[in-house]
Amino acid sequence: MNKKFYITTAIDYVNGLPHIGHSLEKIQADVLARYARAKGDDVFFLTGTDEHGVKIQKTAAEKGISPKKLADANSKQFKNLKKILNLSWDEFIRTTNVKKHWPGVFKIWEEINKAGDIYKRTYRGLYCSGCEAFKTESDLVDGKCPDHNCEPELVEEENYFFRLSAYSKILRKKIEEGEMKIFPDWRAKEILSLAEKGLEDVSFSRSKEKLSWGIPVPGDDSQVIYVWADALTNYISAIGYGRDQKEFEKWWPADVQVIGKDILRFHAAIWPAMLLSAKLPLPKKLFVHGFINIEGQKQKISKSLGNIVSPNDLVQKYGTDSFRYYFLREFSPFEDGNYSEAKFRERCNADLAHGLGNFAARTVGMVEKFGHPIKNDFKAVDLALEQRIKTVQKKVDELLSGFKFNDALAEIWSLISFGDGYINDKKPWSQDLPETEKEKALFNMLVLLNSVGVLLSPFLPDTSKKITKAITLKGKFVQLKTIPRLFPLFED
Ligand SMILES: [Zn+2]
């Protein structure tokens with residue numbers, strides 16, 4: 001039986017439209033899913049949208065439409081990223097899906113309740129409507145929410161609470177022992193130090209008057225389930241929790257959960273504590289990426305700041321694989337990075353049009369000029385070239401298991417440089433070179449180009465297909481189709 005590989009992204013909040021930050025996360029997860037599939041794993045790749053909450057209710061009211069209508073329209077935009085970014089997800093879960101998602105939410109609520117971890121209490125707290133969350137004093141900077149630069153309001157209401165505090169110790173142990181591995185390591189340390197101070201119980205429901213756009217608390221119509229059990233549960237509801245136990249057990253626990261740094265605490269503290277309370281295993285790995293900032297701007301990308309760069313516009317202008325390449329290659333997977341369109345063009349011109357594009361065109365051009373069929377003779381592959389390919393394959397594997405997409409691509413490009421060096425060294429165009437030597441050199445170049453094509457398949461699926469479909473290294477002679485120009489040069 002094949003190894004299973006279950007990977008999730010965060011589900012996006014439909015109060016806005018997709019921007020390049022959402023896109024990076026989906027592409028990162030897509031690379032991992034495609035890579036696992038290529039290795040023969042049985043893969044389930046989940047993404048989706050988070051559609052309840054006061055903000056949706058408010059925005060819909062402002063537009064004079066129902067929350068459902070707003071959620072439908074915006075969710076569709078996120079779903080469309082599949083085509084725009086060439087994503088390979090298997091399922092798109094929506095938290096408004098009563099049939100698929102809600103049974104899992106009810107079940108986890110009941111399990112946590114059965115464990116004695118849900119209780120009712122009157123809560124007075126500082127609430128930031130921008131975050132849709134209660135804030136503790138330690139979350140605030142000069143009395144203000146640092147993300148929204150506004151003072152939270154004092155709110156009092158009776159809610160259900162989740163006994164998160166009971167899990168501080170066990171959570172620390174699980175993280176320290178690597179039962180749930182957090183990447184990068186310094187994010188794990190952040191959570192460990194939080195847990196060491198002791199986690200506070202969290203509000204698990206809101207009154208129906210405050211939040212009507214949500215899932216009702218089982219057995220209490222006056223309360224609506226707050227974001228934690230509503231949204232985080234998507235990772236298990238989508239694979240059958242609460243409605244198809246067999247399917248659920250096939251996939252859970254997740255092998256990788258991909259999230260942004262802003263939701264680290266939810267995914268590395270609240271979510272695993274909920275799972276422990278419901279007696280479910282923890283996800284194996286949590287990969288936490290940084291944010292994309294716009295070059296020259298201090299604030300993060302957000303709708304309210306009006307600095308959204310649409311993935312749709314960029315892809316229309318530059319193509320899907322250029323988009324994927326730039327964001328995977330230019331940005332550290334863990335740190336924040338700066339986006340600029342000029343850098344985008346620079347990076348794509350240098351690495352794609354020149355680096356990869358030239359190497360492919362050179363190789364194909366020389367083979368065509370040679371004019372004779374080239375034997376598929378793998379004994380003719382130079383040892384140094386063969387070893388180089390193997391080394392890069394191994395490194396890419398290691399780097400991807402640590403989520404280092406940028407370094408993995410750099411490795412593949414080092415293979416392209418090696419190929420360029422090989423051509424310059426062998427000079428297959430030289431009149432002095434015997435035909436058999438020319439044939440051998442050209443065969444080596446084709447083997448290398450084909451390997452680059454294969455290595456690129458999780459990162460740049462279309463480009464990979466163009467290369468590997470053109471070269472057939474089977475039968476007596478190599479069959480080579482002309483490779484269309486892979487990438488244009490972008491002008492300023
Ligand atoms: Zn806030």
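Mentor: Helices (H or I, at least four residues) and strands (E, at least two) are DSSP runs, numbered from the N terminus. This is a predicted model, in which local features need pLDDT of at least 70, side-chain atom pairs count only at pLDDT 80 or more, and totals for chains, interfaces and linings use all residues. Residues are numbered from 1 along each chain as its sequence is written, and side-chain values use heavy atoms, with hydrogens and water left out.

Trainee: Is N149 buried or exposed?
Mentor: N149 is not a glycine, yet has a positive phi of about 50 degrees. N149 sits in the loop between β6 (133-135) and β7 (153-162). With a relative accessible area of 58%, N149 is exposed.

Trainee: What is the omega of the peptide bond from F183 to P184?
Mentor: Most peptide bonds are trans. P184 belongs to the loop between β8 (181-183) and α7 (185-197). The bond from F183 to P184 is cis, and its omega is near -5 degrees.

Trainee: Where does P253 lie?
Mentor: The peptide bond from W252 to P253 is cis, with omega near 5 degrees. P253 is in the loop between α10 (245-251) and β13 (256-260).

Conventions:
Buried means under 20% relative accessible area, exposed over 50%, partly exposed in between (1.4 Å probe, protein chains only).
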